[in-house]
Amino acid sequence: MTATAPKPSPPGDLGLPWIGHTLQFLRDPDFASKRHRQYGSIFKAKILGQRTIFVKGAEANTFVLTHENKYFRVEWPDSVKQLLGPLSLALQSGHVHMQRRKLMAQAFQPRALAGYVPAMNDICDRYFERWVEQETLTWYPELRNLTFDIAGKLLVGLDNAHETAMGHLFETWCQGLFTIPVRLPWTRFGKAYHSRDLLLEEIESLIRQRQQQENLGNDALAILLKAQDDEGNSLSIEELKDQVLLLLFAGHETLTSALASCCLLLGQHPQVRSHARAEQAPFKNSLLTADALKQMPYLEQILKEVLRYTAPVGGGFRTVLETCEYGGFQFPKGWNVLYEIAQTHYDSELFREPNQFDPARFAAERAEDKAKPFGHVPFGGGMRECLGKEFARLEMKIFMARLLQAYDWELLPDQDLSLVTVPTPHPKDGLRVKFERL
């Protein structure tokens with residue numbers, strides 16, 4: 001009996017020595033799509049110092065996301081690993097990851113989320129009124145401030161968080177996440193790494209202040225300070241610092257991208273905006289509640305389509321633990337795999353006319369997101385699906401509902417609306433608009 005010959009490694013090349021394709025990957029939003037056209041649904045490249053296999057499609061996502069800890073383990077570029085910190089949930093795996101995830105999930109249970117609604121309402125309303133006074137504005141940086149204020153308030157109890165030292169440090173930290181990790185003072189990574197040290201000092205100060213208070217409050221930090229795992233263990237201060245930093249990032253960076261995309265796409269599709277506004281009419285003069293938000297099916301379809309059309313996270317990295325085979329190719333042990341969310345969302349086998357912005361594709365009668373498991377995966381999937389998924393969805397719904405009920409906006413001419421993709425997609429010129437009350 002003859003042994004089966006091993007499958008070949010995927011097509012493609014590894015680029016220049018050491019640097020590989022890193023610069024093209026970071027600068028060219030069409031890097032992957034060009035190579036998929038050349039090589040098919042699986043190809044190899046060298047990015048961020050690692051030999052990496054790119055895969056797209058529902059089946060590929062299923063293979064990667066359902067074999068966690070068997071063939072694959074979570075992996076991030078070195079720059080991200082160093083800036084998130086070794087104790088971050090995003091970097092933990094196996095039993096420790098499962099334990100910590102269960103513990104941190106307490107901050108995102110339905111009861112906790114319902115308690116976040118009033119603050120989300122108030123902060124959104126405050127920003128809307130300010131934008132009316134400004135009349136014209138560059139929206140993306142304003143949205144960054146808004147999401148950081150909401151994250152700061154609901155995660156660690158900070159008011160006007162974007163104006164604090166933490167807010168300024170956080171912006172510098174974010175800019176270093178997907179860069180070449182050269183820790184020199186003048187590089188983006190070097191500046192970000194220094195900001196991380198200062199951020200952790202700020203977070204530790206907040207934690208110690210909170211521990212001295214009789215009433216811990218009801219934000220995410222309070223929940224995490226009280227939380228215990230199945231063995232009765234609490235999070236240490238060192239781990240809390242890394243976890244809080246991760247929550248601030250997750251509750252800010254990707255959410256800003258999603259909100260900016262929503263505002264841009266509705267600005268470009270007035271019929272969708274009119275339909276959405278009509279749905280909001282019954283809620284116009286009432287306080288938004290968690291129950292009210294469930295009665296907005298068209299808004300739900302819009303948000304799903306925004307997250308498909310411009311996925312805030314383009315994909316996820318994994319390390320190959322054991323050599324395995326998929327799609328006729330060998331995935332060698334030690335290589336990285338990048339499962340591609342954004343590319344999957346443009347698969348015409350899953351989504352009819354994927355280049356069209358069409359919220360109706362998620363109506364019950366079409367339900368294109370149900371066509372195949374792991375076909376619509378804006379929050380990832382499997383055991384590492386985004387922990388703050390419902391927090392993000394809640395914030396997006398409240399923001400868009402309040403916006404549609406009482407305000408209007410118009411995209412200003414002579415601006416570049418093409419997307420910069422790193423660290424998350426956003427309009428190149430920052431999304432300039434005229435903003436007014438209805």
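Visitor: Which residue stands opposite Ala 45 in E2?

Guide: Thr 52 is the residue in E2 opposite Ala 45. Likewise, Ile 42 stands opposite Val 55 of E2. Keep in mind that this is a predicted model.

Visitor: What makes E1 and E2 a pair of strands?

Guide: Two strands pair if at least two bridges are found between them. Six bridges join E1 to E2, residues 50-56, and the two run antiparallel.

Visitor: What makes E1 a mostly covered strand?

Guide: Strand E1 spans residues 42-47, and six of its six residues are buried. In a regular strand the side chains alternate between the two faces of the sheet. Here both faces are covered: Ile 42, Lys 44 and Lys 46 are buried on one side, and Phe 43, Ala 45 and Ile 47 are buried on the other. Helix H2, residues 31-39, lies across E1, E2 and strand E8, running at about 135 degrees to E1.

Visitor: Why is E1 called an edge strand?

Guide: The open sheet has five strands in the order E1-E2-E8-E5-E3, with mixed pairing. E1 and strand E3 (72-74) each pair on one side only, and these are the edge strands. From one strand to the next, the twist averages 35 degrees. Helix H3, residues 58-65, lies across E2, E3, E5 and E8, at about 135 degrees to E8.

Visitor: Now the loop between H16 and H17. Why is Glu 353 called exposed?

Guide: Its relative accessible area is 55%. The label exposed needs a value over 50%, so Glu 353 qualifies. Glu 353 also has a positive phi of about 45 degrees although it is not a glycine.

Visitor: Phe 374 lies in that loop too. Why is Phe 374 called partly exposed?

Guide: Its relative accessibility is 22%. Buried means under 20% and exposed means over 50%, with partly exposed in between. A value of 22% falls in between, so Phe 374 is partly exposed. Phe 374 has a positive phi as well, near 60 degrees.

Visitor: How do you know that Phe 357 is buried?

Guide: Phe 357, found in the loop between H16 and H17, has a relative accessibility of 9%. That is under 20%, so Phe 357 counts as buried. Leaving aside neighbours within four places in sequence, Phe 357 is in contact with Leu 265, Leu 266, His 269, Val 272, Glu 305, Val 306 and Tyr 309. The C-alpha atoms of Phe 357 and Leu 265 are separated by 7.9 Å, although the two residues are 92 apart along the chain.

Visitor: Which residues touch the most other members of the largest nonpolar core?

Guide: They are Tyr 116, Trp 131, Trp 139, Trp 173, Phe 399, Leu 403 and Phe 435, out of 106 residues. Helix H6, residues 110-134, gives the largest share of this core, twelve residues.

Visitor: What lies apart from that core?

Guide: Another core lies apart from it, with 17 residues, among them Cys 324, Trp 335, Tyr 339 and Val 377.

Definitions and conventions. Residues numbered from 1 in each chain as written. Predicted model: local features only at pLDDT ≥ 70, side-chain atom pairs only at ≥ 80, totals over all residues. Heavy atoms only, no water. Buried < 20%, exposed > 50% of the residue type's maximum accessible area, 1.4 Å probe, protein only. Helix = DSSP H or I, 4+ residues; strand = E, 2+ residues; numbered from the N terminus. Axes fitted to C-alpha atoms, helices over the stretch in contact; angles between N-to-C directions. Contact = heavy atoms within 4.5 Å. Core = buried A, V, L, I, M, F, W, Y, C linked by side-chain atoms within 4.5 Å.
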